[in-house]
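Dear colleague,

Please find below the structure that I am handing over to you. My notes on it follow directly after.

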Amino acid sequence: MGLHPAIEPYDQGMLDVGDGNHVYWETSGNPHGKPAVVLHGGPGSRTSPNLRRYFDPDAYRIVLLDQRGAGRSLPRASDHDTDMSVNTTAHLMSDLERLRAHLCIERWLVWGVSWGSVLGLRYAQTHPGVVSELVLTGVATGSDAEVALLTRGLGKIFPEAHERFLAVLPAGERDGNPAAAYNRLLESPDAEVRARAARAWTDWETATIPAPPGSVARFEDPEFRMGFARTVTHYWGNDHFLGDGNDEGVVLRDAHRLKGIPGTLVQGSLDFGNLLGIVWRLHHAWPDSELVIVDEAGHDAGEVGDEALLAATDKYARAGARTEA
C-alpha cells in the first residue's frame, strides 16, 4: 500500500508558549480536513516530514510540531543555558492546548510514536473533550518500570554494551537510577563531561533499540545528540513528570479516563516494552481501543506496521466524514 505521497506545509510558524519558549509548528494537507496532531518521540527528538505521509492529505489537516527544546523550537535543549525546569509533561500538554487554540481547532486526532504515545495518552486523559481518536505506535506509558527495564533490565540481554553504559557514571552512582545519574552529567558545567555522557547515552540506545539507519545517523550530529540525551534523561530521571510515584504508572492507572475515545495501538511483537505487558494491559483497560501486533518487528513496526497505521487514519477519516454528514 505504501505511505501517502510527500507533501509540503501550507502554513507554519513559531508559537510563543511562555517561559521564553517558542514552539515550531506546521500544517499540511487539506485546510478544511479532519484535524490531526502528530507527537514525535524522544523525549527530545524532532518531527519529520515523513510523518505527514501517514494521513490522506485530502482528508486531513495535518499538524506537526517540535516539542519544547527539540528540532526547530527555541531555545534548544542542546544549549547548556536552556532552562529545563520549564520542560515537563505538563508544559508540553499546555503547549498543545495553546497550539490548538491558535489554529482554531475544536477537536483533533492525536497520533503519537514512542514517547509521543506517552504524551498523547496523558493528554487524552487530562483533556478528553478535545481528543477525537488516538493512533499510537511503539507504545509506552512512562512508568518507572519501563525506565528500569530500558536502563537496567536490558543489561542482561546486552551485557557488554551495558557495562560500557554504566562505566561512564561515577562509581557511587552505578547502582541507582542510571537516567538520573546521566542527567547530572549532562548538566555538568564541564563541556567535555557533557559530550562524553551524551555519546554514551545514545550508544546505549543504539545498542538496545534497533531502528532504521536514518534514525541512528542522527546521533552523529553533536547538537542533536546533546539535546536528545539531555531531554530523555531529564524526563526519565524524573518519572516523566507524571507524579505517580510507583512502578505501575499513572497512565495505566488512569486508563479508564480514555473511555469513549476510539484508539488504535500498533506494536511490534519484539518491542522490548512488551516484556512488561504494557501495551496488552493498556488495551484491556481501554475497551475503546484495538491492538494490532506486528510479528517479528521491534520498536519500529516496519512496513506492516505502516499499513496498520494508514488503515487506522483512513478509518477515522471515514468515521469523521460520516459524523459531519
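Which residues of helix 10 (residues 278-285) are buried? They are Ile-278, Val-279, Leu-282 and His-283, where buried means under 20% relative accessible area, exposed over 50% and partly exposed in between (1.4 Å probe, protein chains only). Helices (H or I, at least four residues) and strands (E, at least two) are DSSP runs, numbered from the N terminus.

Please note that this is a predicted model, in which local features need pLDDT of at least 70 and side-chain atom pairs count only at pLDDT 80 or more, while totals for chains, interfaces and linings use all residues. Residues are numbered from 1 along each chain as its sequence is written, and side-chain values use heavy atoms, with hydrogens and water left out.

An α-helix has 3.6 residues a turn, so residues three or four places apart point the same way. Seen down the axis of helix 10, the buried residues fall within an arc of 130°, so they line one face of the helix; the arc is that of the directions from the helix axis to the C-beta atoms. Among the elements that cover these residues are helix 2, helix 9 (250-253) and strand 7 (263-268), contact meaning heavy atoms within 4.5 Å.

Helix 2 (residues 115-126) also packs against helix 1 (residues 89-102), at an angle of about 70° and with the axes 10 Å apart. Axes are lines fitted to C-alpha atoms, for helices over the stretch in contact, and angles run from 0 to 180 degrees between N-to-C directions. Helix 1 is therefore roughly perpendicular to helix 2, a term for angles of 65 to 115 degrees. Helix 1 contributes Thr-89, Leu-92, Met-93, Leu-96, Glu-97 and Arg-100 to the contact, and helix 2 contributes Trp-115, Leu-119, Arg-122, Tyr-123 and Thr-126.

Arg-122 also forms a salt bridge with Asp-254 (2.9 Å, N to O), the term meaning a side-chain nitrogen of Lys or Arg within 4 Å of a carboxyl oxygen of Asp or Glu. This pair links distant parts of the chain, 132 residues apart: Arg-122 lies in helix 2 and Asp-254 in the loop between helix 9 and strand 7. Arg-122 counts as buried at 10% relative accessibility, and Asp-254 is buried at 4%.

A further salt bridge joins Arg-230 and Glu-187 (2.8 Å, N to O). Arg-230 is buried, with a relative accessible area of 2%, whereas Glu-187 is partly exposed at 29%.

Yours sincerely

Definitions and conventions: Angles under 35 degrees count as roughly parallel, over 145 as roughly antiparallel, 65 to 115 as roughly perpendicular and the rest as oblique.
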